[in-house]
Structure formats: C-alpha cells, structure tokens
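Colleague: Hello! Could you walk me through this one, a few questions at a time?

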Amino acid sequence: MQVADYYRMAFKALKDRKLRSALTVLGIVIGSALIVALVASTSGLSVSVSKQIEKIGVTTLRVFSTSQRIPITDDDLAVIQKFYGVKDVIPYFSRRLSLNYGSNSLSVNIIGLDQAKIGVLYKGLTITDGVPVDGYDPTGAVVGYAISNPPEGTFLPVNINEMLSLQGSASASSRAPSYVFIVRGVLAPYGTVGFDNIDETVFASMASKTVLQIKYYSGAYVIAESPDLVESVVSSITNYFGTNARVFSSTAMLQTVQSISSQMTLFLGGVAVVTLVVAAVGITNTMFVSVMERTREIGILKSLGYRPREIMFLFLSEAALTGVVGSIFGTILGVAISFFLGGGVPSFSFRPPGARGSDMYSSYMPVFSPELIAFSLTFPIFIAVVAG
C-alpha cells in the first residue's frame, strides 16, 4: 500500500470521529499558537524598545545629580570635557509642565539646551516647519509633533508664531505659575526615546532658564568618541562625582533590554511547549482509545495480510495528520494573535481624557523569524507522532 493510501485511510478515520479529532487538534492549535504569539510578540517588543534606545545613540551618556544641594556646574562640565574619550558635553535643564485645554490636560516635558545639538542627540530628528530657537531667545520654543497636531477634540493645534501657555504645579501658599512661549518651530514625528516622548516635548533655549526661574542644570548629555570608549567614560565620570551623580548609558540599557527579552522569550516559549506536551498527552489518550475501539478492524487488517508495522504506520499517520492540521491552523492563529498583542500595548505617550483607539495606544510589529515558523510547523507534528 502506498503512503497516500495510509493518509487517505487516516483522514477517513479522523472524519468518522469528528468531535474527538476536533478536540485533539484544538489542543495542538492552542500550543502552536501560543509558541508563535508569545515568541513573536516578545521579539517584536524587544526590537521596538531597542530601536527607541538606539535613536539617542549607543555612545550617548546621561549624567544628572542625585542631590539638589550639589548641582552640576559649568566647572564640572569643563572637567568632563577633558576626560579621555569624551567627544562632546551638552548640558540641559528640564521641567514637567501642563498644557491645559478645557477638561483635558497634557503633561509635557520642557527641555532647555543648545538647539543646534538636537540632531546630535536624537538621530534623524528634524524640524518640519519653522526654525530652531536662537540661543539668546528666552521665550522661543520648538514643539513636538503631537503638540502641534493633537488628536481631534483634545487640544487646539499650536502653530508657528503662536503663543504656547504652560502651567506649573500649585503649592499650598501660591497659585500654579504660568509660562508663555512663542512657537518658532515644529518637529517631525519621532516617537519615544527611552521614557521620553519627543512628540510631546517642548524644546527651549538655555536662555529660558530666566523665564522658568531655574538656577542649575538638570544634567548633561555626554557623547563618547566611540562605543569602545563608553565604559571608560562612564568610569571616569563615576570616579569624579562619586555618589553625587548617576550615569545612564544607552549601551548598558540596550544590553539589559536584550537580556530581559531573551529570558522572557525562553520562559514564554517554554510555557507554550508545555502546552504542546499537555496536548500530546491528549493525543496519546485518543490513540489508545482508538486502538481499543478498533481491535476488530485491526484483526481484519491482519487477516488480509497487513503486517503489524503497516498497521502501526496507519495509526501514526492519523497522529501525524492531526499534528499537521493543528500546526497549520495554530501557526495562522498565532500570527493573528501576535498582531493583536502588538497593537494593544500601552505606550508612555499622551493619554488625554476621553481618548480612544490609536490615541491611547502605540504599536509594534511582531517579529516572525524563519526558525520560529519552521519550529511551530514541525514540532507539533513531531510531538503528535511521538504521542501516537
């Protein structure tokens, strides 16, 4: 008997036991779908976060003081600039303010720095409309794309040469202070870098310290000459400041994200494989019951001259066919679930009251490697045959 005949008979046997076969296939579908969905989603999230971190460059370090009593000064910056491996030092100050419109409130981060350095800090960030703020302009500002193009019904768009009014936090003894800036430029859509959403950020000049009544730097960006010198620069800065400042490295953060992602992928993939093993127990039970129910059929096949090996191959064909159907539908379902998960992960960005749909979520693309697809299509079949 040819191989096609075995599978033809196996298909007929499965068809005769529709409910049992469907439940057996369902167990494989769930396991295979979980493998694809969990691994692809985790890999996609890792790639998305890595791209966000890489936007600021692997040679960029962020230094900020751990104590308000010991701020970072110009003298400190001059010392850092002389360290071996340091290419540039960019001081900045930042403050969290609110943009209010009716019942809606958007928390924005205003950052003051030399605007000629914006393109150096954030790779590929450009001004689509207007010009950068002059270093001597205390009230000029360049706004992120989401501030100039807010979701409909949330805020009024802020355009070039219009006033931007921001409010600070009220204290027990005084009302919330208000700060007014003139919009000089609008940035292109950029997204999130680490925990900073550039689309909801206002960039001012260093001269705006007088308007915001800020005395000291919030910190400084230090750019190393090459990735190989990052660790040396971090060590020099740490030795200089001691416990009075902290240094964040994009390279270290990227390595941490990738390490966590790898561990999550292994863990979640292991959970999915366990699900398949559970499904294999179901297949074993199904095949055992099937053999017990068909002893008369097996006897007839033996009387017709079928050898035990051929009869066993017939039952294994049923198990393999179950695995094939389950792996195909499971992989398709897993791909669909991956895109659903990728489109439903909350971002760190703007959450206006009453926002819906894409206004509340950012998305990432799941990553389907050839190895993942091949594994999800073949491993369930292997499990099914072993169980059979």
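Modeller: Gladly! Let us begin with Leu-26, which sits in helix α2, residues 18-54. Please keep in mind that this is a predicted model.

Colleague: Is Leu-26 buried, partly exposed or exposed?

Modeller: Leu-26 has a relative accessible area of 44%. Buried means under 20% and exposed means over 50%. Since 44% falls in between, Leu-26 is partly exposed.

Colleague: Which residues make the nonpolar surface patch, and what is its area?

Modeller: Leu-26 is one of its members.

Colleague: Which residue in β11 is the bridge partner of Ile-90?

Modeller: Strand β2 (residues 86-101) runs antiparallel to strand β11 (residues 219-224), with 6 bridges joining them. Within this pairing, the partner of Ile-90 is Tyr-221.

Colleague: And how many bridges join β2 to β3?

Modeller: Strand β3 covers residues 104-112 and also runs antiparallel to β2. Here Leu-99 stands opposite Leu-106 in β3. The number of bridges joining β2 to β3 is 9.

Colleague: How far apart in sequence are the parts that Lys-117 and Asp-88 tie together?

Modeller: The side chains of Lys-117 and Asp-88 meet in a salt bridge, at 2.9 Å from N to O. Lys-117 lies in the loop between β3 and α4, while Asp-88 is in strand β2, so the pair ties together parts separated in sequence by 29 residues.

Technical notes. Residues numbered from 1 in each chain as written. Predicted model: local features only at pLDDT ≥ 70, side-chain atom pairs only at ≥ 80, totals over all residues. Heavy atoms only, no water. Patch = residues over 30% accessible without salt bridge, like charges linked within 9 Å, V, L, I, M, F, W, Y side chains within 5 Å. Areas by Shrake-Rupley, 256 points an atom, 1.4 Å probe, with all protein chains shown as cover. Salt bridge = Lys/Arg side-chain N within 4 Å of Asp/Glu carboxyl O. Helix = DSSP H or I, 4+ residues; strand = E, 2+ residues; numbered from the N terminus. Buried < 20%, exposed > 50% of the residue type's maximum accessible area, 1.4 Å probe, protein only. Pairing = 2+ DSSP bridges.
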